[in-house]
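Reader: Here is a structure I have not seen before. Please take me through the terms used for it, one by one.

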Amino acid sequence: MSYKINAELDEREMYNLRHVLGEFRRITRDHYYRYVGTEKQYSTSSHNKEQLDIAESLIKKLVEGYKE
């Protein structure tokens, strides 16, 4: 199932959307991999990888390309 979103955001709302999605990406990225010493260690959880992919997709679809 897919959803089409059509919303007009003012500058403040767009800034906050970008911030919230950035935090979601940061949190999911931290759950998926961490630096240990000088190398990345990845989670074996497919859920963690899926959440990171969702965060990246949302940022790409909703806020990428819109600059302040």
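Reader: Which residues line the second largest pocket?

Author: The lining consists of M1, S2, Y3, I5, S57, L58, K61 and L62. Bear in mind that this is a predicted model, where local features need pLDDT of at least 70, side-chain atom pairs count only at pLDDT 80 or more, and totals for chains, interfaces and linings use all residues. Residues are numbered from 1 along each chain as its sequence is written, and side-chain values use heavy atoms, with hydrogens and water left out.

Reader: What makes a space a pocket rather than a cavity?

Author: The grid is 1 Å, laid over the protein atoms alone. In a cavity, a 1.4 Å probe fits but cannot get out. A pocket is an open set of points with protein on both sides within 12 Å along at least five of seven lines. Lining residues have an atom within 4 Å of a point.

Reader: What is the volume of the second largest pocket?

Author: About 210 Å³. A volume is the space filled by probe spheres set on the points, which are joined across faces, edges and corners.

Reader: Why is I5 called exposed?

Author: Its relative accessible area is 65%. Exposed means over 50%, buried under 20%, and partly exposed in between, with a 1.4 Å probe and protein chains only. I5 is therefore exposed. Y3 is exposed too, at 67%. Both I5 and Y3 are found in the segment before α1. That helix covers 11-32. Helices are DSSP runs of H or I, at least four residues, numbered from the N terminus.

Reader: What makes L17 partly exposed?

Author: L17 has 26% relative accessibility, so it counts as partly exposed. L17 lies in helix α1.

Reader: Which residues form the nonpolar patch on the surface?

Author: I5, I54, L58 and L62, with about 320 Å² of accessible area together. Patch residues have over 30% relative accessible area and no salt bridge; nonpolar side chains (Val, Leu, Ile, Met, Phe, Trp, Tyr) are joined within 5 Å, like charges within 9 Å. Areas come from the Shrake-Rupley method with a 1.4 Å probe.

Reader: How do you know that R26 forms a salt bridge with E23?

Author: The closest N and O atoms are 2.9 Å apart. A salt bridge needs a side-chain nitrogen of Lys or Arg within 4 Å of a carboxyl oxygen of Asp or Glu, so this pair passes. R26 and E23 both lie in helix α1, 3 residues apart, about one turn. R26 is partly exposed at 32%, and E23 at 30%.

Reader: What does R26 do with D30?

Author: Their side chains meet in a salt bridge, 3.5 Å from N to O. Being 4 residues apart in helix α1, they are separated by about one helical turn. Salt bridges that share partners join E23, R26, R29 and D30 into one network.

Reader: Which parts does the salt bridge of R25 with E56 tie together?

Author: The closest N and O atoms of R25 and E56 are 3.7 Å apart. R25 lies in helix α1 and E56 in helix α2 (residues 46-62), so the pair ties together parts that are 31 residues apart in sequence. The structure holds 5 salt bridges.

Conventions. Helix = DSSP H or I, 4+ residues; strand = E, 2+ residues; numbered from the N terminus.
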